[in-house]
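This report describes ring pairs and strand pairing in the structure shown below.

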Amino acid sequence: MPARLTAHFRQRPSKVLFLREGRDHLIGRDRDSDLLLDDDRVSRRHALLAGDESGWRITDLGSKNGTAVDGRPVTDPAPTGDRSWLSLGGLLVEFRRVGSEALERDREERLRRLTTSLAAGAELVPSLGLEPLLERLLTSALEICRAERGFVLLETGGGELEIAAAARIEGDDLRASEFSGSSTAIQEVLASGRSIASSDAWQEPQLAERPSVLAAGIRALVCLPLVAMERVIGALYVDSRSPSTVFDELDVELLEALASHAALAIAVDGIQSELRGLAGALPARTDLPPETAELLAREIGRALDRAGAAAGSSARSGAPSWSEIRELHASAPEVST
């Protein structure tokens, strides 16, 4: 029976690998590995997985940090069972036997998510207006990666960051100490401009020591920067409290593509808003001939109309600003696991 491996990395999306029985699968960091796991805890040639009609077995290949099946060190070829947790030098990998039909359903679902993402990205255009655009971004993000809740953090005119759209999460949730671990991840994304994903947030050293998982039960999260013209203008955040939720590499790739489309549309919307304001101010200019000011205002207006621009409000009523959230959680007491 075929099998599926799900490797859970630190602050990176999980990696899903499919195995066919009847052959050996070399696991390691070496680029020639059948199952490449790029993690410092994994040796270049770490272990060998082999499966046939009688089941699957794993053999350690003299790795530096060892191999274990359900907590038991592997010294000889060890059976994996239908479902087991493998430790490859400390990297947790879920092993699960799956039928051919289940494998095909999984592939069809991944194709559906890819198709959905492409369609959603094509709909993220400035002509929607900012508020509908952000709501559509968030709705699509939750659907694509099967997350429970999320929000969009966006830079305002004054340089502050505010909650511009949210789904199934309120201002009080963001202010609560239980959100402290997630705020740590968001702050790192804003500072580094790189995405963070965790499919088991309670295992992350930087996140597990915060109350977010212990109290709120946040098990998986993804946070991505919104980058426009090489500048971080906000972030997209989604999470799930279900132990079965896994955010894998495909999830993050699809969300990054979606965020890229959205960031460009947001930037264009902002430029269009500025041009509209300029067009409105031109008739009052005394340093320009009246006919020139009117002509410029009219041409700017026509260009904006052709682009289908529509202004929208960026801030949600009652939502805290990012500086408020950051200050609240900066002093939050850490909890040992």
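Two strands pair if DSSP finds at least two bridges between them, strands (E, at least two residues) and helices (H or I, at least four) being DSSP runs numbered from the N terminus. The model is predicted: local features need pLDDT of at least 70, side-chain atom pairs count only at pLDDT 80 or more, and totals for chains, interfaces and linings use all residues. Residues are numbered from 1 along each chain as its sequence is written, and side-chain values use heavy atoms, without hydrogens and water.

Five strands form an open sheet in the order S13-S12-S16-S15-S14, with antiparallel pairing. Its edge strands, S13 (161-167) and S14 (196-198), each pair on one side only. Six antiparallel bridges join S12 and S13; Val-152 has Ala-165 in S13 as its bridge partner.

The structure also holds two aromatic pairs. Rings of Phe, Tyr and Trp (its six-membered ring) pair if their centres lie within 6.5 Å; planes under 30 degrees apart count as stacked, over 60 as edge-to-face and the rest as tilted.

| Pair | Type | Centre to centre | Angle between planes |
|---|---|---|---|
| Trp-56 and Phe-95 | edge-to-face | 6.0 Å | 65° |
| Phe-151 and Tyr-237 | stacked | 5.1 Å | 25° |

Phe-151 in strand S12 (residues 149-155) and Tyr-237 in strand S16 (residues 231-240) are 86 residues apart. Buried means under 20% relative accessible area, exposed over 50% and partly exposed in between (1.4 Å probe, protein chains only). Phe-151 counts as buried because its relative accessible area is 1%, and Tyr-237 is buried at 1% relative accessibility. Trp-56 and Phe-95 are both buried as well.
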